[in-house]
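Hi there,

Here is the structure I promised to pass on.

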Amino acid sequence: MDDFKKGFQFVSENVAAITGEIHTNQWINDFDSKKLNMIEEFINSTINSDLPLDKQQGFNFETWHKATYNLNSILNNHGASATTPKVNTLGSADVITNEQGYQLKSYATAGKAYRAVSETPYERYMRLKANAEKNGKSFISKEEYYKKNGIDIKNEHMSLYNGQGKIITKDQLDKAIDLLNKRIEKANAVQNYEQAARYQEVLNTLSDKIINGKDSSVSISHDDIIKITKMAKNGNEEELIKFCEDELGISFSEMVTNSQIAKQAINAGLNAAVISLVLSIAPVILNGISMLINEGEIDSKQFAELGYNSLSGSAKGFINGSITSALVSCCKAEKFGAELANVDPSLISALVVISIGTIEASIKCISGKIDKTEMVEEICRLYIVTGFSTGTGMLLSSIALAIPLLEPLSAFAYMLGSFIGGLIGNFVFDSGKKILMSLCVESGFTFFGLVEQDYTLSDEILKELGMDIFEYDEFIVEQLHIDEFTFDEFNFATFEYDKFEISPLKRGLVEVHKVAYA
């Protein structure tokens, strides 16, 4: 097998671990990127705002739930995303997820919070009118107000946010629920069922976090959102990041769960399996096409072999990809300790390739398919090729990341570098092996017992030296021979001079890792 074929075989068998590492590293990078975007949004919106602190913290409250919901969506590998619509009309949603609207209110007390999410169009109109008259100003009529804001008079005693989720701070949730229950009881007692129904709808949709399926935002207290707003006003990004991570648990290691790691491992394994499958069956497909062109038919045995190899390759890809993904995720989540949190994922994928390859070679040796020396050769090749593949992949990936135009192609650069490194590694190993065996032939070095040095002379050489070869007696079954008649032949007598022959002995490689006289 030439270097190119060996390199291609190595990449096709072990690209799964590389793919698992890339897939998982992208997963973690997406999380970190979204988290940094949240911090930057806090700072930019607060610094550029002229609103007082108690007003600005309400907008940051919306940003918090939108951003933490999206972080959770990334961890769950969902495409769902929360957005804050630009529309700011009466009763419009503050945050939307999958077409579901949410109204978010952060107030100093639970009483103010529950009243804010329960407010009706009529109550809003009366409040605005009272404030205007208090300041000596006139206010438009109710009919004009309703028409201006698109309010149907039939709904004037329903919540402005009817049908939306209502989100308040976590420290006020229990108190707000208690107050709503009391309002419902009081409304029912005076038979004001319309009002009771309004409060019941608010109660049913009230929470301290956005929940949509398996995705959810992170609840936060009113005091903490005030602290975030103050830090954002100062523009101290590092302080804000540290507070969100250490005090509020907004970090990969704190938010990710074991089930999410397992799910990511399965997803990465499946993706790796597909790539490994395509690479492993590609040579067989090409051979089949070539045969079809040349002979006009396809050998059924080749199709049978294709099916077997496909299953084997995808299974290996799934295992490599999922194990690598799980290890990368656990390291980043500090499941193995803080010391391994920043380990390079490429090294983990290389470790998985080496570990599984070593196990595979050991099983072959135990089952008798290869001997000890062949097992060691396979493992040494695996170590060297993996080292070159990983190193070249990291090098090309780093170069791509350093060039803005090539940054989106960093993953492709890593895989290309791995392929090139696999070819170089195989060439280096084969060249080194030839040099090593030459050294063993000349010096008699056994390389710690891995090369067998046989100094006995073969039977052919001994016979040439004129020595009698002792052989064990053999029991030969007599056979029946039919008498044959042959004509006598006349042969001329020939005379030959005695010859003195010298046959120099030469040592060389006679078998795999075996040096002897040839």
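Why is helix 2 largely enclosed by the rest of the structure? It comes down to burial: 19 of its 23 residues are buried, so helix 2 is largely enclosed. Buried here means under 20% relative accessible area, exposed means over 50%, and partly exposed is in between (1.4 Å probe, protein chains only).

Before going on, a word on where this comes from: it's a predicted model, where local features need pLDDT of at least 70 and side-chain atom pairs count only at pLDDT 80 or more, while totals for chains, interfaces and linings use all residues. Residues are numbered from 1 along each chain as its sequence is written, and side-chain values use heavy atoms, with hydrogens and water left out.

Back to helix 2, which covers residues 53–75. Helices (H or I, at least four residues) and strands (E, at least two) are DSSP runs, numbered from the N terminus. From first C-alpha to last, helix 2 reaches 32 Å, close to the 33 Å expected (the expected span is 1.5 Å times one less than the number of residues). Just after this helix, Asn-77 takes a positive phi of about 60 degrees.

Asn-72 has a relative accessible area of 12%, so it is buried. Not counting residues up to four places away in sequence, Asn-72 touches Lys-214, Asp-215, Ser-216, Met-255 and Gln-260; contact means heavy atoms within 4.5 Å. Lys-214 sits 142 residues from Asn-72 in sequence, yet their C-alpha atoms are 8.7 Å apart.

Next, find helix 3 (residues 110–118) and helix 7 (residues 193–204), which pack at about 110 degrees with their axes 10 Å apart. Axes are lines fitted to C-alpha atoms, for helices over the stretch in contact, and angles run from 0 to 180 degrees between N-to-C directions. The two helices are therefore roughly perpendicular (65 to 115 degrees). Where they meet, helix 3 brings Tyr-114, Val-117 and Ser-118, and helix 7 brings Arg-198, Tyr-199 and Val-202.

Last stop: Pro-85, in the loop between strand 1 (82–83) and strand 2 (95–97). Its relative accessibility is 29%, so Pro-85 counts as partly exposed. Leaving aside neighbours within four places in sequence, Pro-85 is in contact with Ala-93, Asp-94, Val-95 and Ile-96. The C-alpha atoms of Pro-85 and Ile-96 are separated by 7.3 Å, with the two residues 11 apart along the chain.

Cheers

Definitions and conventions: Angles under 35 degrees count as roughly parallel, over 145 as roughly antiparallel, 65 to 115 as roughly perpendicular and the rest as oblique.
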